[in-house]
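Morning, everyone. I'll take a few minutes on one model. Please have the viewer open.

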Amino acid sequence: MRALTSPIVRSATADARSAYQVRQEWQLSIADFDEVIRLTPEEANAFENRGYAYAMLGDHGRAIADYDRAIAIDPSDAYPLRLRGYSRSQREEYDTALADLDRAIAIDPQSAEGWHGRGRVRSLQQDWVRAIADFDEAIRRDPQNGAYYSDRGFARQENGEIAQAIADF
């Protein structure tokens, strides 16, 4: 991945990500990242962030296209694979979502987010046993994240493990 060449562009990228995404001003975020991409078309982070904004607007087709570009620029980065897996799951493309998340986990097995994302896709498929196993791995890596327990609790409840579900909730 080529570094951003201008300190102003680097600053604008960071500012746009933090300001517009925190405020959930997705259209403004997209407009800023359009400009960053115009100035530095090989900056994977700009495609990741614009893709994220598209995903938050529900435009998963455009999000996936941006994640594809980010992955092409830097195939060793697990983050856009996790994001693309999420967008694919929102389009009910579960097999390709799982393939993205498998690859993200292979690249960064210590990241709880990959395991959690894969567990969520497996929950959407009602594959409760494997979803629970993925949530277990996410919790092992990040035991402070309450969402991981909640999602595991839901999967356990759906799998008939009521006592364990209650403990998670």
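In which loop is Gln126 found? Gln126 sits in the loop between helix H7 (112–124) and H8. Keep in mind that this is a predicted model.

Why start there? Look at the backbone. Most residues other than glycine have a negative phi. Gln126 has a positive phi, near 60°. Its relative accessibility is 59%, so Gln126 counts as exposed, the cut-off being over 50%.

Now go back along the chain to Gln24. Gln24 is not a glycine either, and its phi is positive, about 60°. Where does Gln24 lie? In the loop between helix H1 (7–22) and H2. Gln24 has 55% relative accessibility, so it counts as exposed.

Next, the aromatics. How many aromatic pairs does a search of the whole structure find? The search gives 2.

Take Trp26 and Tyr52. They form an edge-to-face pair, 5.7 Å centre to centre, with 70° between the planes. This pair links distant parts of the chain. Trp26 is in helix H2 (residues 26–39), Tyr52 is in helix H3 (residues 44–56), and 26 residues separate them. Buried or exposed, what about Trp26? Trp26 counts as buried because its relative accessibility is 10%, and buried means under 20%. Tyr52 has a relative accessible area of 27%, so Tyr52 is partly exposed.

On to Trp128 and Phe154. This aromatic pair is edge-to-face, 5.7 Å centre to centre, with 80° between the planes. Again, distant parts of the chain are linked. Trp128 belongs to helix H8 (residues 128–141) and Phe154 to helix H9 (residues 146–158), 26 residues apart. Trp128 is buried because its relative accessible area is 13%. Phe154 comes out at 39% relative accessibility, so Phe154 counts as partly exposed.

Last stop: Arg103. Which helix holds Arg103? Helix H6, residues 94–107. Arg103 has 34% relative accessibility, so it counts as partly exposed. What does Arg103 touch, leaving aside its neighbours within four places in sequence? Arg103 is in contact with Ile71, Pro75, Leu81 and Arg84. Here is one distance for your notes. The C-alpha atoms of Arg103 and Asp77 are 10.0 Å apart, and the two residues are 26 places apart along the chain.

To recap the stops. Gln24 and Gln126 have positive phi. The search found 2 aromatic pairs. Arg103 lies in helix H6. That's me done. Questions, please.

Note on methods
Residues are numbered from 1 along each chain as its sequence is written. This is a predicted model: local features need pLDDT of at least 70, side-chain atom pairs count only at pLDDT 80 or more; totals for chains, interfaces and linings use all residues. Side-chain values use heavy atoms; hydrogens and water are left out. Helices (H or I, at least four residues) and strands (E, at least two) are DSSP runs, numbered from the N terminus. Buried means under 20% relative accessible area, exposed over 50%, partly exposed in between (1.4 Å probe, protein chains only). Contact means heavy atoms within 4.5 Å. Rings of Phe, Tyr and Trp (its six-membered ring) pair if their centres lie within 6.5 Å; planes under 30 degrees apart count as stacked, over 60 as edge-to-face and the rest as tilted.
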